[in-house]
Amino acid sequence: TGLIGLLIVSFVFGFIQAGISAAFGLGDEGSYYSTLVRTMASRRPDVQKTDQPGLVVIQVDGLSHDVVSHAIRAGRVPEMSRWIRSGTHKLGHWDALLPSTTPASQAGILHGNNDGIPNFRWWEKKERRLLVANHPEDTTEIERRISNGEGLLSPGGASISNIFTGDGDRAFLVMSTIKVKERGLGQSDAFAWFFVSPYNYLVMGAKFLAEVVKEMIQSKRQIRAGVVPHMGHHRDMPYPFVRAATNVALRALGTSLIIQEMVRGTPVIYMDYTDYDEIAHHSGPERPESLDALDGVDRELGTLLRASQDAARPYRFVILADHGQSLGMTFLQRYGFTLQDLVRKLMGGDASVGAATATVEDWGQLNTFLGEVSETKGASGSLARRVTKGGTRELGPEEMHTTAGNGTPTGKAGTSVEPAELIVVAGGKLAHIYFNVSDERMTLEDIDA
């Protein structure tokens, strides 16, 4: 009896329903999203319908033209293929200039300005600090520099699962607004419904665990088969859980948030699906597990198209990528030593070197989710605050470590303390080297001297 009894009964009922649906094919994700559309519509009787079309922009992170073309020819991504064959969409091509990273590309798309973003992370010599595009405080500062208040999503738009807001009125799972209590998941009906539904909660839990097991099997299989290149230790724990969070829970939550905004009649919606990019970084852009993730995003497109039929206005869809990926060995795999070791050797072995070369891109969306959930009420907010120690702790490796001139580790350099003589900062295929003898950019003659 009481609240505990009601919770137990609801979860037992949800578990039985999920089991029967899985066994006999009586339900799928579409049934959940259909219920979500009806629920959102009933809760927003104030929405004014209009014939003016809205725009939904879906960013498939890290997807190159070559990969999607190959996937279409191979019979994958059936939803995108159908749109192209029907003539509603055309497959185009564009070149991402240096740096070909999400922060620079998305800043240009959402704000029309990516000046001063030379990589995913970089050292600012005058301030003597490291800026990282998936750290909330840093991202907030970067957006302050590039935004003029008239971004792609202004006025009235919604930014979902992005680095920047695009000056939209609402932002969910956006890195630059994690610390803004007036924004985020706490203002979302879809977020509450996502975790209230016992069926959805249990199905997501089962899929999450299955994704963890699948990653562990696929990683071991790649190593046993001698597939080259492979990322080796980059696929060790806790990465399988990061993959599951991105590829299962956050993908479904993002779709729910888009549906919420379409039902609301939001004029422009921009959402970044990071699933494919996340797995491609660790497996390879054309490996089976990466293409499976791409198929998963493709299924979400079909869901969104169906949901748009019940939206407050007609919607047009644009699918784009922020950059592509190329397959190659890591610097350490190819040469047998790290980039910071090479820099120290070229300096005669006497210089202290601070290195920011750890893989931190993977943790951005998960930390954004935990940061926003920690601002909400209820059990989910309490759990997130415990994991993040009240919202002050981010998951993932340390940003920077320093070594003395003799190669002896001297500990963490942090992001705003007195740095080493040289700073090595890597992001994707691009690395920067900074000489801290000067706060200004140095000429080749200065460096030679």
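Among contacts in the protein between residues at least 6 apart in sequence, what percentage join residues at least 24 apart? The share is 71%, where a contact means heavy atoms within 4.5 Å. The model is predicted, and local features need pLDDT of at least 70, side-chain atom pairs count only at pLDDT 80 or more, and totals for chains, interfaces and linings use all residues. Residues are numbered from 1 along each chain as its sequence is written, and side-chain values use heavy atoms, with hydrogens and water left out.

The protein has 449 residues, of which 50% count as buried. Buried means under 20% relative accessible area, exposed means over 50%, and partly exposed lies in between, with a 1.4 Å probe and protein chains only. There are 16 helices and 12 strands. Helices (H or I, at least four residues) and strands (E, at least two) are DSSP runs, numbered from the N terminus.

A sheet comes next. Five strands, in the order β5-β4-β6-β1-β7, form an open sheet with parallel pairing. Two strands pair if DSSP finds at least two bridges between them. At the edges stand β5 (170-172) and β7 (315-320), each of which pairs on one side only. From one strand to the next the twist averages 10°. Within this sheet, β4 (residues 158-160) and β6 (residues 268-273) run parallel and are joined by 3 bridges.

Helix α9 (residues 239-264) holds E261. Is E261 buried or exposed? E261 counts as buried because its relative accessibility is 0%. Leaving out residues up to four places away in sequence, E261 touches A158, I160, R170, F172, T266, I269 and Y315. The side chain of E261 also takes part in polar contacts, one of them with the side chain of T266 at 2.5 Å. Another joins the side chains of E261 and Q260 at 3.0 Å. A polar contact is a pair of N or O atoms within 3.5 Å; within protein, one must be able to donate a hydrogen and the other to accept it, and residues adjacent in sequence count only if both atoms are side-chain atoms.

The next elements are helices. In α3 (residues 65-73), the residues V67, V68, S69 and A71 are buried. The cover over the buried residues of α3 includes α4 (78-86), α10 (275-283) and α11 (288-308). Just after α3, G75 has a positive phi of about 85°.

Two of the covering helices, α10 and α11, also meet each other through D275, Y276, I279, A280 and S283 in α10 and E289, S290, A293, L294 and V297 in α11. The residues of this contact divide into 6 nonpolar, 2 polar and 2 charged. Here Ala, Val, Leu, Ile, Met, Phe, Trp, Tyr, Cys and Pro count as nonpolar, Asp, Glu, Lys and Arg as charged, and the others, Gly among them, as polar. The axes of α10 and α11 come within 8 Å and cross at roughly 180°. Therefore α10 is roughly antiparallel to α11. Axes are lines fitted to C-alpha atoms, for helices over the stretch in contact, and angles run from 0 to 180 degrees between N-to-C directions. Angles under 35 degrees count as roughly parallel, over 145 as roughly antiparallel, 65 to 115 as roughly perpendicular and the rest as oblique.

Another pair of strands is antiparallel: 4 bridges join β2 (residues 121-124) to β3 (residues 129-132). E124 stands opposite R129 in β3. The two strands β2 and β3 form a hairpin with 4 residues between them, and in its turn R128 has a positive phi of about 50°.

Some backbone details remain. Most residues other than glycine have a negative phi, and most peptide bonds are trans. L173, although not a glycine, has a positive phi of about 60°. L173 lies in the loop between β5 and α7 (189-196), and L173 counts as buried because its relative accessibility is 2%. The peptide bond joining S154 and P155 is cis, with omega about -10°; P155 sits in the loop between α6 (136-146) and β4. A cis peptide bond also runs from V228 to P229, where omega is near -5°, and P229 is placed in the loop between α8 (198-224) and α9.
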